[in-house]
Each structure stands twice: as C-alpha cells, then as structure tokens.
Amino acid sequence: MRLATLRTPGGTHAARVDGDTAVELDEPDVGALLARQDWRDYAADAAGPRHLFAEAHLAPVVPRPGKIFCVGLNYRTHILEMGRELPEHPTLFAKFAEALVGPTDPIALDPASSAVDWEAELAVVIGAPARRANAAEAEAAIAGFAVLNDVTMRDWQYRTLQWLQGKTFEASTPFGPVLLTPDELPGGTRPKLELRAEVDGQIVQSANTGDLVFDPVALVQYISSIITLNPGDVIATGTPGGVGHARKPPRYLADGSVLITEIEGIGRLENVARAVAVVPA
C-alpha cells in the first residue's frame, strides 16, 4: 500500500495511492492516519474523492512527526573505504518538523550558510508504539518507508561537536513522496533498494540500502531502548558516500540547483534550491 499527504484547497488530506489515482481518506495527513490502531484496514478499504496522482500537490508524507531521528555513518562500504572501523552503536542526532518540505517544494538556502550539502536517505516511518522492542516487535512497528534528503549546512554542523544545528535549518529537508508499506518491497522491513542522488543532472550518490550497518529493524530496537517511538515518528537511516563536502574541492547547492533523490520502488523527490531573502527587522 502507498500512502501520501495531499495539499488541497480545503487543507491537507491523507490519501491511498492506487496506481495513478490518489483516493482521499478522512484524516488530515498520514501522521494522523497512523495514529489510528486500525490504519491498515481503514486505509485499504476507505473510498473518498479521487485525484490524478501525477497532478497532486504533495506535502511531506508525515508533515509533523513527533520525533525525527537521524543516523550518521551507516553505510558499510563507505565507512570501510574511508579506513574507519564499523561502529558498535548507531550515531544519532535529531531534526525538527519545521525542517521538512514536500517532494517538489523548494529547498531554502538560508543566507546564514554558504555550505549547503545533500544526503540521500531511506526514511523509516513508525506505525505502532515501540518501547524496548525485540526484533519481532520492531518489525511490527514499522509502517513503511519513504525518501528523505538530509540537506545539511556543513559550516553550521561543524561549528561544534554536536551536529544538530547544521541539520535542522527551516524548510531544508525534502520528505516523501509516499509511504510504502514493507509488504511491497523486496526484503520487507530490511529492504535492499537502489538509492541515488543527482545534482544538476550529475549522479553524485549511488548505493543500496542493503549495505546499511544498522538496518531499520535494528534502529527501531536501539532507539526504542531510549524512548518510546510513536506512530508517525521518523528515522532517517543515514547516507552513503558522495556528499559534496567530501569532494575536492567541496561542492555545495547553489541558488537554482536541482536536487533529485530517488529510491527504487518508493519514489523520487525533485527539489530546486532557492536563496532566501531576509527582510531586516
């Protein structure tokens, strides 16, 4: 099953995507839908107004997650090729909902940063509460997967040893286009999917999510040991090599840069970076 959050003249609506048609559901967004204990049965059977999906204006698939966890250094090949040892535990940091934009929305280039980088990622969306989950409980808590680009202000990220300030600039993080349930994917809750990012027509990242050191089930187990994961919470699982900051010379997004983020079977984000004009107070 594919789920999306549509923007309509009357506000946002959760929708089930059937082929080329989006069927509105009686919930304001996918996050609210997942809060229902019966969300799977309801979403599969409900019938509402229908739209051509190709013409739909999409919001972030979960517009306001209660929590967004992100993972650093989680692709095995990339870690080893840098000469590092594989980590014993995931590196976690946070992002806030104000950072999220839809799958075709502009990415805000804040004038405070001159080093805006890309990070293509597989996102896990939680569909049931999980606390100290074992492997089976963690699998059952995963509603599905989406595409996310953890756009990062590198000059702010590396001001200190704590990364958050460079990771959650407002209107910087594309997320969508749909939530795809695990039964639709090879590997289920441990999917093995081709992931790539492209900037201005050049492929800059290419990897397979099967190369994750900590897979989605392991991440749900680990994070739920710290705090309860609730429906609509999001885990961004990390990015492979190919980011702009690691290039020589470094390469960053500029006003007008087109960033495409795509994961096999799930979908594609296409976002244009736009400089933000700040009006003096």
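I take buried to mean under 20% relative accessible area, exposed over 50%, and partly exposed in between, with a 1.4 Å probe and protein chains only. The model is predicted, so I kept local features to pLDDT of at least 70 and side-chain atom pairs to pLDDT 80 or more, while totals for chains, interfaces and linings use all residues. Residues are numbered from 1 along each chain as its sequence is written, and side-chain values use heavy atoms, with hydrogens and water left out.

Entry on ring pairs. I looked for rings of Phe, Tyr and Trp (its six-membered ring) with centres within 6.5 Å, calling planes under 30 degrees apart stacked, over 60 edge-to-face and the rest tilted, and I found two aromatic pairs. I note Phe93 as buried at 9% relative accessibility, whereas Trp163 is partly exposed at 24%.

For Trp156 and Phe169 I read 5.3 Å between the ring centres and 75 degrees between the planes, so this pair is edge-to-face. Trp156 belongs to helix 5 and Phe169 to the loop between helix 6 and strand 14 (173–180), 13 residues apart. Phe169 is buried, at 14%.

Entry on charges over rings. I required NZ of Lys or CZ of Arg within 6 Å of the ring centre and within 35 degrees of the ring normal. Arg159 lies over the face of Trp156, 3.6 Å from the ring centre, and the charged end of Arg36 sits over Tyr42 at 3.9 Å from the centre of its ring.

Conventions
Helix = DSSP H or I, 4+ residues; strand = E, 2+ residues; numbered from the N terminus.
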